[in-house]
Each structure stands twice: as C-alpha cells, then as structure tokens.
Amino acid sequence: SVTGVQTCALPICGIIVSLNNAIQSLQPEILAKKIVINIEDIGSFSSKILVVLGKNALGYIPPLLTKYPGLFNQIIVFQARGYASPDYSWEDNLDVSFVDHPIPSIHNFEVTKHFLDTISLRKERCYFHFVITGGTSSCLVYPESTITIDQYIQTIEILLFDNIDIISFNEMRSTIDAIKGGKLSQLLENH
C-alpha cells in the first residue's frame, strides 16, 4: 500500500543520510592523512600558515595538527556554514570564519579582504599551505576591480541556476574573481 511504502521509505532515507553523514565525517580524517608536507623545504620560513577552506574545513585541523604538531604558527579556516563542524575552542591559533556556500555573501568578501590585507602587511617570508576541499570556491572570493560585489553575486547565482557545466563555470569564475585561476598564488609569490 502507499502507506506501507511511505513508512518503509523513511527508515531507508534515514540510513542513507546517516551513512552519508558518517562518510562525510570520516573524510577529513582519512584525507588529512594523505597530505604530505616536506618539513625540510619549509624550515627557512619564519611564519608557517595553514589555510583550510571548505565544507569540512574544521574537520581537517585535528588530524593535520596530530600529524604535524607545532608546525604552523597560524591556522586560518574558512568553514562553509551549514555543515557539521567539530569543536575548535581548544586551539589557540585558529582564525575561523564561517562563510556562505554556494552563493557567497558580503561576509565572504569581507573575510577574504581581511585575509588578503593580512597577507599584504606581512614583512617576513611566509610559507602558506592550503587545504581546499571540493566544491567550496565560494569560501574565499574577491571580485575583480571591474565589477561590484553585487554583480559578482548575481553572476554566480545565474551560473548556478542555469546548470552550466563546471568547466565553463570555473572559467567564468576565474574571469570575475581577483584570486581564482592562479591569481592567489601570484599574490602570495612575494610572501
């Protein structure tokens, strides 16, 4: 009967959701173990900064700090809102920003500008290690000088709702964003 199907569908969905949540919560733990940092290559840098972006950004911090204890002077996290995030209050040198995804908000632009300003003010050579989890490009965003923040957000909304393929989406994003498409690495080159 229809009632029987509806009753059966709910537990099945619950199992699938639970399984997905379990996989999602294990992912940072498993993937962080695969991250390799050659400590000898970064010994000459006075500042070592870990930047983690994504849906599970905070989940990557404990396994990375266990694997590389005391390596980073500063940890900057851009955690997508609405996703499970572990307690991070135990870590003193964490700078955590909760940002919107998939459509960036004004807050995303503000925290990105703060991040870029912080980098530009540094006088010493810095080592930056980025951990960028999949599907989180809205976590760190900054429009090219030729467009406004509102135009940027509107463009992203149009691209999302038009179901444009990911390659075209990323090409457009790298055109309108001042740090996408390799531009962030150019900004960091002198640091």
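In what order do the four strands of the open sheet stand, and is their pairing parallel or antiparallel? The order is β3-β2-β1-β4, and the pairing is parallel; two strands pair if DSSP finds at least two bridges between them.

1. Basis. This is a predicted model, in which local features need pLDDT of at least 70 and side-chain atom pairs count only at pLDDT 80 or more, while totals for chains, interfaces and linings use all residues. Residues are numbered from 1 along each chain as its sequence is written, and side-chain values use heavy atoms, with hydrogens and water left out.

2. Overall make-up. The chain has seven helices and four strands, arranged from the N terminus as α-α-β-α-β-β-α-β-α-α-α. Helices (H or I, at least four residues) and strands (E, at least two) are DSSP runs, numbered from the N terminus. Of the 191 residues, 38% are buried; buried means under 20% relative accessible area, exposed over 50%, and partly exposed in between (1.4 Å probe, protein chains only).

3. Surface and contacts. The accessible surface is about 11,000 Å², and carbon and sulfur atoms hold 59% of it. These areas come from the Shrake-Rupley method with a 1.4 Å probe; for residues, only the protein chains shown count as cover. Among contacts with a separation of 6 or more, 72% join residues 24 or more positions apart, where contact means heavy atoms within 4.5 Å.

4. Strand β1. This strand (residues 47-54) pairs with β2 (residues 74-80) in the parallel sense over six bridges, and seven bridges join β1 to β4, also parallel. L50 stands opposite I75 in β2 and opposite H129 in β4, while I49 stands opposite Q74 in β2. Eight of the eight residues of β1 are buried. S47, I49, V51 and L53 point one way, and K48, L50, V52 and G54 point the other way.

5. Helices on the sheet. Helix α3 (residues 57-67) lies across β1, β2, β3 and β4 and runs at about 150° to β2. Helix α4 (residues 106-121) also packs on the sheet, touching β1, β2, β3 and β4, with its direction at about 150° to that of β3. Axes are lines fitted to C-alpha atoms, for helices over the stretch in contact, and angles run from 0 to 180 degrees between N-to-C directions.

6. R173. R173 belongs to helix α6 (residues 166-176). Leaving aside neighbours within four places in sequence, R173 is in contact with S137, Y152, I156, I166 and K180.

7. Backbone points to check by eye. The peptide bond from H101 to P102 is cis, with omega near 5°, and P102 is in the loop between β3 and α4. N163 is not a glycine but has a positive phi of about 55°. N163 lies in the loop between α5 (149-161) and α6 and counts as exposed at 68% relative accessibility.
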